[in-house]
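Work through the exercises below with the sequence and the structure open. Each task is followed by a solution in steps.

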Amino acid sequence: MSRLKAEHLYKVFGRRPEAAVQRLEGGASRDELRADGTTAAVIDASFEVEAGQIFVVMGLSGSGKSTLLRMLNGLLEPTAGRVLYDGRDLTALSARELREVRSRNISMVFQHFALFPHRSVLDNAAYGLEVRGVPREERRERAAEALELAGLGGWESSWPDELSGGMQQRVGLARALATDADLLLMDESFSALDPLIRRDMQDQLLDLQKRLKKTIVFITHDLNEAMRLGDRIAVMRDGRIVQNGTAEDILVRPANDYVASFIQDVDRSRVLTAGSIMDRPAGVPDGATTVGTETPVSELFAPFSHSGTPVAVTDERGELAGVVTRDRLLAALAEPGADPGADPSPATGAEVTARA
Amino acid sequence: MPRISLGGWAEDAVGWLQSHLSWLFDAINTVLTGMYDGVNAALGAPGALFTAGILAVVAWWLRGLLAGVLAFAGLALIDSLGLWHQAMATLSLVLVASVITLVLAVPLGIWAARDRRVSGALRPVLDVMQTMPAFVYLIPGVMFFSIGPMPGLIATIVFSMPPGVRMTELGIRQVDGELVEAAKAFGTTPRDTLLRVQLPLALPTIMAGVNQVIMLALSMVVIAGMAGAGGLGEAVYAAVTQVNIGGGVESGLAVVVLAMYLDRMTGALGKRVSPLGRRASAKAAATAARRSPAFLSHRPGTAVAAVGVVVLALVAGGMHLVSDDGGRQSVAAGKNVGRGQSIKLGYFPWDEAVAATYLWQNVLEERGYKPDVKQLDPGPLYTALAQGKMDVQFDSWLPTTHKQYMDRYGDKLSDLGSWYGPTSLELTVPSYVKGVDSLADLKGKSAQFGGKIVGIESSAGMMGKLNDTVLKAYGLDGEYKVVSSSTSTMLAELDRAIKKKEPVVTTLWSPHWAYDKYDLKKLKDPKGAWGQGEQIHSVGKKDFAKDFPRVAQWVKDFKMSDKDLASLESAIQGGGKGKEKDSARRWLDARPGLVDKLAPVGT
């Protein structure tokens with residue numbers, strides 16, 4: 001059973017939202033509703049998140065991704081649909097039960113950090129525990145541990161206004177980690193940071209994730225960030241999830257033109273792996289470089305820089321799975337639609353892998 | 001368009017409230033008056049300088065040594081001006097009003113911040129409270145709560161409430177929505193969200209509101225002084241009506257000192273109580289280069305300040321005990337017919353009223369009564385008499401000037417007879433205006449006087465008479481326009497014109513001290529248009545003769561000659577403001593046997 005499951009979530013703002021949901025189910029478009037003064041922020045969103053996974057929801061502003069996130073912990077009540085956490089329907093809980101879930105099981109990291117300016121760093125990190133009524137000594141201890149995890153050991157007695165943006169977000173992260181909640185909701189948490197700091201924070205999150213194995217729903221408008229962090233990525237547009245898959249799925253097999261145009265700017269060499277672009281294993285010359293199926297494409301440039309021979313790709317057991325030629329590599333890096341030389345069949349990789 | 005009788009409905013509503021909810025008003029009155037009396041007793045305790053010292057220590061604790069020294073200097077100045085008790089009465093009124101206002105305003109503001117509909121419903125109510133002229137509810141206030149600090153307190157609360165509510169609402173709404181969301185996302189209850197996040201962060205704005213509440217309350221006390229609230233308001237009001245510029249400046253200055261003290265203290269308190277404020281001042285102290293010598297901004301610890309306050313309070317209390325005995329004036333044996341019965345004398349600041357009231361205060365004290373003297377506007381005073389909340393007043397001009405009040409309340413009052421008369425109403429010009437000796441001479445000379453007659457309050461009986469009868473009788477009604485202003489404005493205009501030797505024609509009446517001060521000419525009234533002169537009556541509440549049989553008899557027999565009244569008025573004028581009682585005392589002492597004549601006790 002998945003840790004978190006969203007079933008046909010709708011959120012409509014404005015008058016008579018239930019009626020609007022019925023019209024949407026009957027095939028009405030978002031624009032038709034807007035003409036009547038109601039706004040459909042999220043339309044029929046369903047997905048599952050497995051325990052220990054990072055699930056990224058990606059979309060431009062106004063696509064409904066923040067609204068979707070807030071329905072997951074009940075900050076916004078869905079107009080229709082259910083949210084199941086460990087099989088428990090959160091939409092059916094009373095306000096008190098929902099608060100209990102928020103203070104124990106689900107925590108949140110915000111875009112603009114949302115630190116309490118009237119509390120010290122330690123008291124900010126301890127906030128969730130304080131709400132839950134954990135005794136002072138224990139909560140200070142646990143908050144200090146969380147700060148240590150987030151890389152802020154030694155800053156406990158500082159104040160939020162003394163910290164840089166990146167450090168403030170570490171406090172926000174520590175505040176979310178301190179409650180030992182299993183599910184972290186991260187709302188554009190790194191978007192307000194400088195690019196370099198953002199990379200640091202992404203690395204730190206991946207590093208933490210290796211150790212802590214949280215379940216994370218991460219909202220972003222930055223596809224590179226989505227590709228770096230996400231085990232699975234859902235792309236949202238106009239309130240709907242238009243594609244839900246792995247980073248490679250989205251790069252290699254964009255569901256529609258919108259997703260395709262979205263991924264133009266992505267550094268494909270970091271996302272694509274040798275396994276996803278290889279051809280059938282034919283004519284491998286002796287002495288060819290050998291890489292694994294999970295090797296990022298960016299690491300294939302070096303072998304090709306001093307010889308034109310194809311690179312061999314092997315699976316986990318060391319058996320030959322396929323080859324990558326120089327032409328194939330170049331074709332894969334070009335965007336899919338504008339590349340007549342590339343093999344458009346999405347089944348290629350799978351076929352090859354299956355045969356091997 | 002049919003006439004909508006809004007005013008009639010309001011009057012009916014007030015009447016209904018008065019007859020059906022008097023128990024409620026009495027309860028409110030008891031509680032609030034008790035609060036006020038308590039605070040006033042503490043602040044107004046003898047040993048003004050000790051109280052000033054306590055307030056200065058508070059300033060030192062909140063803002064630093066310099067502020068403490070300045071506070072002490074300002075308060076000592078008030079004491080030296082002889083306005084200490086008025087200032088403390090005002091401070092008590094402001095403090096009690098502010099506390100009650102905040103107790104009501106902050107929860108209302110919180111409620112409004114959480115519910116748009118409440119906010120929308122409150123807004124017009126707050127607008128009305130802030131802009132409705134205070135006099136409009138000052139009079140009903142007197143009807144519900146009698147004269148004294150209460151109507152002033154109510155008016156002050158009504159007037160200063162809006163900024164308290166608005167700033168609280170604004171402060172809470174201003175709190176970053178993401179912070180509130182963060183609190184919710186960690187499972188905080190709505191109540192804790194308010195207490196732990198919204199209120200602490202809104203506190204600087206709320207404290208700005210508190211500051212506004214206090215300052216508005218202070219600005220209201222002058223108006224409240226007209227309804228018998230006492231304090232500096234009364235002093236300012238009396239000074240203004242008597243064109244006593246020096247007194248006005250002094251009491252106005254005392255208001256300013258209090259205002260600055262309260263403003264700076266609430267500002268500093270705002271920094272002290274709000275976590276953000278503490279954070280900001282800690283940061284400023286850490287980073288800012290010292291611009292002033294350190295000792296000026298030195299602040300004692302809370303414990304030290306508390307000890308200072310307690311020591312000063314104890315010393316002041318000790319002084320109070322020592323000075324308490326021997327202070328009472330003894331009443332001659334056999335003449336103590338009052339036996340400590342308290343009697344409330346009211347007056348409005350007309351000179352003959354001041355004279356007669358303070359004269360009787362001395363006489364009644366000598367007879368063992370406890371006379372309590374209160375200054376009020378005529379409207380509130382007659383209302384209070386009609387309700388039996390005031391016992392007697394000495395300045396009822398009948399049958400014309402105060403006709404309206406007698407018509408309205410006549411059956412609830414008892415006329416104790418006239419003690420001076422006849423008075424006269426007239427138009428007056430300075431004697432340097434040649435060729436104008438009678439009302440008839442005014443005709444055709446309007447250009448000389450700018451076409452205007454300087455009048456007094458439009459509500460005054462003589463203004464109606466002037467417009468309706470006198471001007472018509474002499475054919476002046478098309479030629480002159482009667483400018484209604486106030487008595488003090490009229491006197492100021494007269495003073496200005498005389499200093500520049502400009503022609504001016506004003507309404508005036510006798511007796512009036514202006515005839516002593518300036519060289520004026522009463523315009524003759526050959527047609528008798530002003531009518532007969534009036535008599536100055538004493539008017540008591542309905543049961544006055546029953547409650548105070550002896551005093552009623554004395555007052556009925558009370559007569560005063562023109563000469564005596566003039567000398568008493570000038571003695572009181574010469575004695576200075578705030579010393580009316582002593583001046584009247586000295587005037588009485590200079591006339592042995594007069595007390596026995598005024599208030600004979602059986603041998």
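**Exercise 1. The interface**

Task: In this predicted model, find how many residues of chain B and chain A are in contact, and state which elements of chain B take part.

Solution. 
Step 1. Count each side: chain B has 16 residues in contact with 18 residues of chain A.
Step 2. Assign the chain B side to its elements. Those that give two or more residues are helix H9 (177–185), helix H10 (190–224) and helix H13 (275–287) of chain B.
Step 3. Find the main contributor. With six residues, H9(B) gives the most to the side of chain B that touches chain A.
Step 4. Sort this side of chain B by residue type: nine residues are nonpolar, three are polar and four are charged.

**Exercise 2. The two chains**

Task: Describe chain A and chain B by their helices and strands, their buried residues and their contacts along the sequence.

Solution. 
Step 1. List the elements. Chain B has 25 helices and ten strands; chain A has 17 helices and 13 strands.
Step 2. Read off burial. In chain B, 44% of the 603 residues are buried. In chain A, 44% of the 356 residues are buried.
Step 3. Take the contacts between residues at least 6 apart in sequence. In chain B, 81% of these join residues at least 24 apart. In chain A, residues 24 or more positions apart account for 67% of the contacts with a separation of 6 or more.

**Exercise 3. Annotated regions of chain B**

Task: Compare the UniProt record for "transmembrane region" in chain B with the model.

Solution. 
Step 1. Read the record. The unreviewed UniProt entry lists residues 41–62, 69–87, 93–113, 134–159, 201–224, 236–262 and 303–322 of chain B.
Step 2. Check one of the ranges. Residues 69–87 of chain B are 84% helix and 0% strand, with end C-alpha atoms 19 Å apart.
Step 3. Check another. Residues 201–224 of chain B are 100% helix and 0% strand, and their end C-alpha atoms lie 35 Å apart.

**Exercise 4. Confidence**

Task: Where in chain B does pLDDT stay under 50, and what scores does the model have?

Solution. 
Step 1. Apply the rule: where pLDDT is low, the predicted coordinates should not be read in detail.
Step 2. Note the scores of the model, which are ipTM 0.76 and pTM 0.67.

How values were computed:
Residues are numbered from 1 along each chain as its sequence is written. Chains are lettered from A and ligands numbered from 1 in the order in which they are written. This is a predicted model: local features need pLDDT of at least 70, side-chain atom pairs count only at pLDDT 80 or more; totals for chains, interfaces and linings use all residues. Helices (H or I, at least four residues) and strands (E, at least two) are DSSP runs, numbered from the N terminus. A residue is buried if 20 or more other C-beta atoms lie within 10 Å of its own, exposed if 12 or fewer, and partly exposed in between; C-beta atoms are placed from the backbone. Two residues are in contact if their C-beta atoms, placed from the backbone, lie within 7 Å. Ala, Val, Leu, Ile, Met, Phe, Trp, Tyr, Cys and Pro count as nonpolar, Asp, Glu, Lys and Arg as charged, and the others, Gly among them, as polar. UniProt positions are given in the numbering used here, feature names are shortened, and annotations may be inferred rather than shown by experiment.
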